[in-house]
Amino acid sequence: MQQSTLTWMAAFLLTACSGMAAAPAGGGAAATHVSGTVTYLQRIALPPTALIKVQLVDVSRADAPAVVLGKQIIQAGGSQVPFSFEIPYDPAKIDPRYSYAVQVRIEDDGRLLFISDRHYAVITRGAPTQVDMVLKAVSGPAAN
(Lines give C-alpha, C1' and ligand atoms only; values in the text may rest on other atoms or scores of the structure.)
Protein backbone atom coordinates (compact mmCIF):
# COMPACT_ATOMS: atom_id res chain seq x y z
CA MET A 1 0.00 0.00 0.00
CA GLN A 2 2.86 2.36 0.81
CA GLN A 3 4.44 1.80 -2.61
CA SER A 4 1.19 2.64 -4.45
CA THR A 5 0.85 5.81 -2.35
CA LEU A 6 4.41 6.82 -3.24
CA THR A 7 3.78 6.07 -6.91
CA TRP A 8 0.60 8.17 -6.85
CA MET A 9 2.41 11.08 -5.12
CA ALA A 10 5.28 10.93 -7.60
CA ALA A 11 2.86 10.97 -10.54
CA PHE A 12 0.97 13.91 -8.98
CA LEU A 13 4.16 15.91 -8.43
CA LEU A 14 5.40 15.26 -11.97
CA THR A 15 2.08 16.37 -13.41
CA ALA A 16 2.00 19.50 -11.26
CA CYS A 17 5.60 20.43 -12.06
CA SER A 18 5.19 19.90 -15.79
CA GLY A 19 2.11 22.14 -15.81
CA MET A 20 3.96 24.87 -13.94
CA ALA A 21 6.89 24.77 -16.34
CA ALA A 22 4.60 25.07 -19.35
CA ALA A 23 2.54 28.03 -18.08
CA PRO A 24 4.98 30.93 -18.69
CA ALA A 25 5.89 29.77 -22.20
CA GLY A 26 2.22 29.44 -23.09
CA GLY A 27 1.44 32.96 -21.89
CA GLY A 28 -0.03 31.93 -18.53
CA ALA A 29 -0.23 34.58 -15.83
CA ALA A 30 2.85 36.51 -17.03
CA ALA A 31 2.06 39.85 -18.65
CA THR A 32 2.72 39.89 -22.38
CA HIS A 33 1.79 43.50 -22.95
CA VAL A 34 2.59 46.94 -21.62
CA SER A 35 -0.34 49.29 -21.14
CA GLY A 36 -1.07 52.74 -19.85
CA THR A 37 -2.35 56.21 -20.61
CA VAL A 38 -0.94 59.27 -22.35
CA THR A 39 -1.87 62.82 -21.39
CA TYR A 40 -0.40 66.33 -21.16
CA LEU A 41 -1.06 69.27 -18.85
CA GLN A 42 -1.66 72.05 -21.39
CA ARG A 43 -5.31 72.97 -21.87
CA ILE A 44 -5.36 72.78 -25.65
CA ALA A 45 -7.09 70.44 -28.07
CA LEU A 46 -5.22 68.17 -30.42
CA PRO A 47 -5.95 68.53 -34.12
CA PRO A 48 -8.09 65.63 -35.39
CA THR A 49 -5.19 64.60 -37.65
CA ALA A 50 -2.71 64.17 -34.78
CA LEU A 51 -0.97 60.81 -34.32
CA ILE A 52 0.02 59.41 -30.91
CA LYS A 53 3.04 57.15 -31.45
CA VAL A 54 3.79 54.84 -28.51
CA GLN A 55 6.84 52.54 -28.50
CA LEU A 56 8.18 49.84 -26.19
CA VAL A 57 11.97 50.03 -26.45
CA ASP A 58 15.10 48.35 -25.13
CA VAL A 59 17.15 51.21 -23.66
CA SER A 60 19.95 49.07 -22.21
CA ARG A 61 22.76 50.33 -24.42
CA ALA A 62 23.71 53.95 -23.78
CA ASP A 63 25.88 54.15 -26.91
CA ALA A 64 23.32 52.73 -29.36
CA PRO A 65 19.85 53.64 -30.58
CA ALA A 66 16.96 52.09 -28.66
CA VAL A 67 15.65 48.84 -30.14
CA VAL A 68 11.89 48.92 -30.76
CA LEU A 69 10.14 45.80 -29.41
CA GLY A 70 6.58 46.93 -30.11
CA LYS A 71 4.55 49.98 -31.04
CA GLN A 72 1.08 51.37 -31.34
CA ILE A 73 -0.06 54.35 -33.40
CA ILE A 74 -3.29 56.01 -32.30
CA GLN A 75 -5.13 58.44 -34.56
CA ALA A 76 -6.63 61.25 -32.50
CA GLY A 77 -9.59 61.60 -34.86
CA GLY A 78 -11.04 64.40 -32.75
CA SER A 79 -10.60 62.56 -29.42
CA GLN A 80 -8.63 64.25 -26.66
CA VAL A 81 -6.33 63.11 -23.84
CA PRO A 82 -6.05 60.84 -22.04
CA PHE A 83 -5.39 58.13 -24.63
CA SER A 84 -5.04 54.49 -23.58
CA PHE A 85 -2.51 52.17 -25.17
CA GLU A 86 -1.60 48.50 -25.04
CA ILE A 87 1.55 47.16 -26.70
CA PRO A 88 2.03 43.39 -26.94
CA TYR A 89 5.54 41.99 -26.72
CA ASP A 90 7.26 38.62 -26.99
CA PRO A 91 8.44 37.56 -23.49
CA ALA A 92 11.20 35.50 -25.13
CA LYS A 93 12.82 38.79 -26.27
CA ILE A 94 12.97 40.18 -22.72
CA ASP A 95 16.28 39.85 -20.86
CA PRO A 96 15.89 40.48 -17.11
CA ARG A 97 19.35 42.12 -17.10
CA TYR A 98 18.25 44.78 -19.59
CA SER A 99 16.19 47.95 -19.23
CA TYR A 100 12.99 48.67 -21.12
CA ALA A 101 10.91 51.83 -21.41
CA VAL A 102 7.85 53.31 -23.09
CA GLN A 103 8.37 56.39 -25.24
CA VAL A 104 5.64 58.56 -26.77
CA ARG A 105 5.45 61.29 -29.41
CA ILE A 106 2.40 63.21 -30.56
CA GLU A 107 2.78 64.55 -34.08
CA ASP A 108 0.58 66.38 -36.56
CA ASP A 109 1.51 66.36 -40.24
CA GLY A 110 5.12 65.48 -39.34
CA ARG A 111 5.39 68.29 -36.76
CA LEU A 112 6.26 67.19 -33.23
CA LEU A 113 3.78 68.59 -30.68
CA PHE A 114 4.42 66.61 -27.47
CA ILE A 115 7.02 64.12 -26.29
CA SER A 116 7.79 61.99 -23.24
CA ASP A 117 10.68 63.84 -21.62
CA ARG A 118 11.29 61.43 -18.75
CA HIS A 119 12.15 57.75 -18.48
CA TYR A 120 9.11 55.49 -18.06
CA ALA A 121 10.69 52.16 -17.11
CA VAL A 122 8.70 48.96 -17.64
CA ILE A 123 8.89 45.16 -17.35
CA THR A 124 12.26 44.44 -15.66
CA ARG A 125 14.13 45.46 -12.51
CA GLY A 126 10.94 45.82 -10.50
CA ALA A 127 9.30 48.15 -13.02
CA PRO A 128 5.56 47.83 -13.73
CA THR A 129 3.88 46.82 -16.98
CA GLN A 130 1.39 49.70 -16.69
CA VAL A 131 2.43 53.37 -16.88
CA ASP A 132 0.53 56.65 -16.90
CA MET A 133 2.57 59.12 -18.91
CA VAL A 134 2.50 62.92 -18.88
CA LEU A 135 4.02 64.46 -22.00
CA LYS A 136 5.72 67.81 -22.50
CA ALA A 137 4.94 70.29 -25.25
CA VAL A 138 7.95 70.88 -27.49
CA SER A 139 7.29 74.07 -29.48
CA GLY A 140 4.78 76.57 -30.77
CA PRO A 141 1.56 77.52 -28.97
CA ALA A 142 1.35 74.19 -27.10
CA ALA A 143 4.58 74.93 -25.22
CA ASN A 144 3.33 78.21 -23.74
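Reader: What pattern does the protein chain follow, read along the sequence?
Author: The pattern is α-β-β-β-β-β-β-β-β. This model is predicted. In it, the protein chain has 1 helix and 8 strands.

Reader: What makes Asp-58 part of a strand?
Author: Strands are DSSP runs of at least two residues marked E. Strand β2 covers residues 51–58. Asp-58 therefore belongs to strand β2.

Reader: Why does Asp-58 count as buried?
Author: Buried means under 20% relative accessible area. Asp-58 has 9% relative accessibility, so Asp-58 counts as buried. Across the protein chain, buried residues make up 29% of the 144 residues.

Reader: Why is the link between the side chains of Asp-58 and Ser-60 called a polar contact?
Author: The cut-off for a pair of N or O atoms is 3.5 Å. The side chains of Asp-58 and Ser-60 are joined at 2.7 Å, so the pair lies within that limit.

Reader: Which residues does Asp-58 touch, not counting those up to four places away in sequence?
Author: Asp-58 touches Ala-66, Val-67, Leu-69, Tyr-98, Ser-99 and Tyr-100. Contact means heavy atoms within 4.5 Å, so each of these residues meets that limit with Asp-58.

Reader: How much of the protein chain's contacts with a separation of 6 or more comes from residues 24 or more positions apart?
Author: Such residues account for 64% of those contacts.

Reader: What is the mean pLDDT of the protein chain?
Author: The mean is 83, and 75% of the residues reach 70 or more. Over residues 1–29, however, the pLDDT is below 50. Beyond near neighbours in sequence, that stretch has 1 contact in the model.

Conventions: Residues are numbered from 1 along each chain as its sequence is written. This is a predicted model: local features need pLDDT of at least 70, side-chain atom pairs count only at pLDDT 80 or more; totals for chains, interfaces and linings use all residues. Side-chain values use heavy atoms; hydrogens and water are left out. Helices (H or I, at least four residues) and strands (E, at least two) are DSSP runs, numbered from the N terminus. Buried means under 20% relative accessible area, exposed over 50%, partly exposed in between (1.4 Å probe, protein chains only). A polar contact is a pair of N or O atoms within 3.5 Å; within protein, one must be able to donate a hydrogen and the other to accept it, and residues adjacent in sequence count only if both atoms are side-chain atoms. pLDDT is the predictor's confidence in each residue, from 0 to 100.
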